[in-house]
Structures are given as C-alpha cells and as structure tokens.
Amino acid sequence: MELTIGLEPPSAVKPINTLVFHPGKCVNCGLCLQVCPHRVFAPGERRVRLAKAESCMECGACQRNCASGAIEVESGVGCAAAMIMAALKGSDEVNCGEDCCR
Amino acid sequence: MEESYSEEVLRTDGKVGSKERRDHIKARLGFDRLGHRVRPGLYAIGSPGRGSMVLVTANYSLSFDAVRSCMQGRNAYLLVLDTKGINVWCAAGKGTFGTAEVLKAVEATGLKDVVDHRVLILPQLSAPGVTVREVKDGCGFKVEFGPVRSEDLPAYLDGGACTEAMRTVRFNLRDRLVLAPVELRNYRWGLLLLLLAAWLVPFYGLMAMVLTLSGLFLFPALLPYLPHQDLSFRGMFLGALLVTPFVLYQLSSVLGTLTLLAVAAEYLLLVPWLGYLGLNFTGSTTFASRTGVKREIFTYILPMALMAVSGAAIAVIGALGYWGGWF
C-alpha cells in the first residue's frame, strides 16, 4: 500500500508538498517522530502513522534519517527570495545570499 | 575570517555579558552578517569529567550563547562545529551543519580521548543535515536529538526525554518579528528614496512609506490573522486594507478624473508590492515548503507584475495629464 500526498490525481488538486510515505517499509524505529519539527508523523502500533502530511515543510530530516527508505521527500529551501534569485541568475541551485539566513 | 578547530579544550561558562549582548544586537539588526562567530572546537562548561555529556552546536555566536546560557551551573562539553557563523537550522539545510562536519569536529578535537562515553546530543533542527547512522559508523558516537530550542535543554536533561512541545517549531509573535530589523536594513536605500519622495510629494511618499513599513513589521505581526493560506494573498489583502484609508481621504476632498487615476494607480502599485513582501516572507517562516513556495511564485508573480506595470502606466498618464492640463 502506498500513500501519496499531494501528487495524487486529480490534477486539479494543487500539490501541497512532495512527501511520500511507504508504510510497508516502516520498521517503527521512531526516528522520524524525533526529527520532524512539525509533528507530521505520529506513533503507531507496528509502524508510524502519517498524521499531518499537509504540515510538511520538506526539510528532509525524516528522509535522511529513515534507514528503511519508507519516507521520500524532495527537500529544499522554502524561500521565495532565494528561488527568485536562483531563477534570475539561471542557476538550479537555490541558495541564500550573504544578507540572509544567519 | 577562517578559523580552524581548536585542538585544546576551550573554557566557557553560562554567562552572557555586555560584550555578547552588543554582538547579539548587531546580529539582530543585520550588521556584519558573517562576523558573528565563535572559534569552533570543544568547550568545557563548568568542570566536566570523562562521563560528562557532549552537546553539539553551531559557531554562530547567537547559537553558542543560547546553548551555554541554558547550561549555567551544569558540567558539560560543548562541541562547536564550524558552520561558517550560520545558525543550526539554516546550516543543516545547506549541509554545513552536517554529518561530515560532525565527523570532522569529533576527529579534530580528539573528543574520543576526552570522554569515555560515546553519545552526542545534537539540536533537533540539525537533523536535515545529519544522518544518525552515518555518524555512528563514522566515529562511533551515537546521536541523540535534543529539543528544538535551547531554553528546553534543562528540562530535557533533567527529564531525559523531549515532550511533543519541545520537538515542535513555533512561530509566535517574537519569532515572526525577529527578522524585521534585518529586512528593514535590506530595504534601507529604498526607504531613503521614499523619504525623499515624501519631501517632494508628501501624500504619496507617506503612503508608500507607511505601506512598506507595514509590509515589514505589521504583516509579520498580523500574519496568523490575515485570510487565505498563501502569504502573497495575505500581503495583498493587507495592502488593499491599508491603501483604503488614504483613498477615502482623497475621494472625500476632490473627485475628478485625476483623483480616480491616482486611486487606481495606488491600488495597482501598492497591493502587489505588499503581496511581494508577503511572498518574500516565506523564507522567514518556520513552515513554508519548497513546493508551496514554488506554487505561490507561479500563481502570483505574473498577476502582481501586471498589476504593478499597469499601475505605473496609469501613474505616468496621470502625472503627464496633471502637468499637461489634460483633465
């Protein structure tokens, strides 16, 4: 069973985020429960539950620390200024300027 | 200003004096953005022994001071990573507070010879950059994630675990406003121009000034109370709301073609301007996702640009008409 959040059809539904949870792969190590700053996952009996998928900010902490590969997310910086700057410079790399992010 | 890891154990305590406080104020105001850093290395707080805990943090002085001031009266080691003077969460997002840097710091400071245990306590918000199992494989230290905020460290250390609240990022009034002075500094030249404009055309200059300052201070303050999910929309909403009193004042005095043109230009210029400031605020929030921001950019940038361009055109026509005596 796969739970896809946001990228599911119908396409009229705007994507909220790129978080995908594969419950079948979850080994209930609980690390995602620790690292998520928005409490997206909740503890469960045999595996964690995707409790607040819409709150995911795509920081990527859970995916990085999920050893069983049960979590997928395209992580990145949710900063319009950085993305616009990257687009203007024509670079793929979204990065914060010297005046930002300290 | 590159500084290598100190090989010696450095000493510190929980006290934050006037020198540090001046440094904090400068950092909060956006002065010397790259300069607020402490030497990376291993610091002793109190008189730690071979069994004392090891906390890990960034070498941004605000991070370092926040952690150590919460450790007053305790014995601990503080492993300060070289994050180039960037705070924990941002550094983790860019990988400077990452697995590789943790391994490097453990190696460079000879931590294995200083303590007998093999546990590192990392701030939770470093997790986007740190892979627990790779740290374990790389240096033998087990990573434990402490609370999001250093102020919760004492409770975490005494209780041995984090509560749900300690694991959750907030975005309260203080959090929302803390970056406003930095933004003010980023827009300082534009604001000076507006000051000049206020001297030449007081009404318009004042209006633009009030709207811009509202975008920088009032918008973050009112953020949770503004309607709609998108920050751009919330900015535009606030813009429309704030232009209206100026417009009502204008309409109550003279009603003519010129006034109507001016009113149209005001809405079309200032509403998207506040929308843009709202969009830009995404990077200051603790919740905006890349997907969400990308969607906002694609939804709002073009309409806002069109509004601004037509507003500018109407303003030019109005000004020419005023001086040319067309209306």
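**View 1. B:His228 lies in the loop between helix 11 (202-222) and helix 12 (231-253) of chain B.** Helices (H or I, at least four residues) and strands (E, at least two) are DSSP runs, numbered from the N terminus. The model is predicted: local features need pLDDT of at least 70, side-chain atom pairs count only at pLDDT 80 or more, and totals for chains, interfaces and linings use all residues. Residues are numbered from 1 along each chain as its sequence is written, while chains are lettered from A and ligands numbered from 1 in the order in which they are written. B:His228 is not a glycine, yet its phi is positive, at about 80°. With 11 other C-beta atoms within 10 Å, B:His228 is exposed.

**View 2. Helix 12 of chain B bends by about 30° at B:Thr244.** A proline, B:Pro245, follows within four residues. The bend at a residue is the angle between axes fitted to the seven residues ending there and the seven starting there. Helix 12 of chain B has 23 residues and reaches 34 Å from its first C-alpha to its last, close to the 33 Å expected at 1.5 Å a residue; the expected span is 1.5 Å times one less than the number of residues. Its buried residues include B:Leu231, B:Arg234, B:Met236, B:Phe237 and B:Phe246. Helix 11, helix 13 and helix 14 of chain B are among the elements that cover the buried residues of helix 12. Two residues are in contact if their C-beta atoms, placed from the backbone, lie within 7 Å.

**View 3. Strand 4 (residues 76-81) of chain B is largely enclosed by the rest of the structure, because 5 of its 6 residues are buried.** Strand 2 (residues 41-45) of chain B runs antiparallel to strand 4 of chain B, and 5 bridges join them. Here B:Leu42 stands opposite B:Leu79. Strand 3 (residues 54-58) of chain B pairs with strand 4 of chain B in the parallel sense, also over 5 bridges. In that pairing, B:Val54 has B:Tyr77 as its bridge partner. Two strands pair if DSSP finds at least two bridges between them.

**View 4. Chain B touches chain A through 37 residues, in contact with 35 residues of chain A.** On the chain B side, helix 3 (88-94), helix 6 (132-139), helix 13 (257-280) and helix 14 (290-324) each supply at least two residues. Helix 14 of chain B gives the most, with 8 residues. The residues on this side divide into 16 nonpolar, 13 polar and 8 charged. Ala, Val, Leu, Ile, Met, Phe, Trp, Tyr, Cys and Pro count as nonpolar, Asp, Glu, Lys and Arg as charged, and the others, Gly among them, as polar.

**View 5. A:Arg39 sits in the loop between helix 1 (31-35) and strand 3 (41-42) of chain A.** Phi of A:Arg39 is near 55°, a positive value in a residue other than glycine. A:Arg39 counts as partly exposed, with 15 C-beta neighbours inside 10 Å.

Note on methods
Buried ≥ 20, exposed ≤ 12 C-beta atoms within 10 Å, placed from the backbone.
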